[in-house]
Amino acid sequence: MTDFLRLLRSELDSYAALLAGLTKADLGLHVPSCAPWDLYELTDHLGNGNLWVSTAVRERHGRNDQERTAPHEPASLHTWFQSTAEEICSALDTDPRSEAWTFSSLMPRTVGFWQRRRAHETRMHRWDAEHALGDAEPFDPDLAADGVSEIFELFAPRMIQRGIAAEPEVALTVSATDVGRSWTYGPGEPVAEISGPAPDLILRLWNRIGAGSPEAERLTWSGDRVAGERVVAAPLVP
């Protein structure tokens, strides 16, 4: 069983270490995968997300009562981010089966939901920051595959539930060739398949690499690619 709290701690430490070496000019760098944010705004988002989840677990509501404006000075921002990391890790350091407020009824409303969700959130935003700085570390294949599972368990159905995406008209198979896992999304027999390493798949499904980009072309399509691309573009995620 994956220890998502340990993974979250590791990812928060890695993001904090990245912040430690940044200048004020670096913090103003555009983050292409999270447009129109810059690195400061990305860090503010991630840190305030930590505080929001801490409240969701401890007080069992989703209000942003603790939202704070992150400091702009690099050293102070680093200290602030570390404090939010300590807060969320403290809040989540309990039985994963414990009850917590969450944003969706599609998954169990537990601490374990947040341990998993924030591990993925932090890992993706670390990639966003590293990509903006020009050198993004590849995802761990097993973690990436679990992130693909989360898309189809939670985000794709939630996008439909919220009226942001329509029900898929056809089925698509997504196959992670490096870990031997596959997922089928949509009604009936699949009309197309997209396959490749899990780290590339999660970046494509989370719109970090666009259709037609050199990175996306590393993925292999079979069947009706046009119909399959429509499923991916639904959108599947926020």
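In this predicted model, ring pairs join W52, W101, F103, F113, W114, F155 and W206 into a cluster. The structure as a whole holds nine aromatic pairs. A pair of aromatic rings is described by two things, the distance of the centres and the angle of the planes.

F152 and Y185 are both buried.

Two members of the cluster, F155 and W206, form an edge-to-face pair, with centres 5.2 Å apart and an angle of 75° between the planes. Here too, distant parts of the chain are linked: F155 sits in helix 6, while W206 lies in the loop between helix 7 (198-205) and strand 4 (220-223), 51 residues apart. F155 is buried because its relative accessible area is 4%, and W206 counts as buried because its relative accessibility is 12%.

A ring can also have a charge over its face, and R123 lies over that of F139, at 4.3 Å from the ring centre.

Turning to F81, this residue is found in helix 4 (residues 74-92). F81 has 0% relative accessibility and therefore counts as buried. Apart from neighbours within four places in sequence, F81 is in contact with L12, Y15, A16, L19, T43, L46, G47 and N50. The C-alpha atoms of F81 and M107 are separated by 28 Å, with the two residues 26 residues apart along the chain.

Methods. Residues numbered from 1 in each chain as written. Predicted model: local features only at pLDDT ≥ 70, side-chain atom pairs only at ≥ 80, totals over all residues. Heavy atoms only, no water. Helix = DSSP H or I, 4+ residues; strand = E, 2+ residues; numbered from the N terminus. Buried < 20%, exposed > 50% of the residue type's maximum accessible area, 1.4 Å probe, protein only. Contact = heavy atoms within 4.5 Å. Phe/Tyr/Trp six-rings, centres within 6.5 Å; stacked < 30°, edge-to-face > 60°. Lys NZ or Arg CZ within 6 Å of the ring centre and 35° of its normal.
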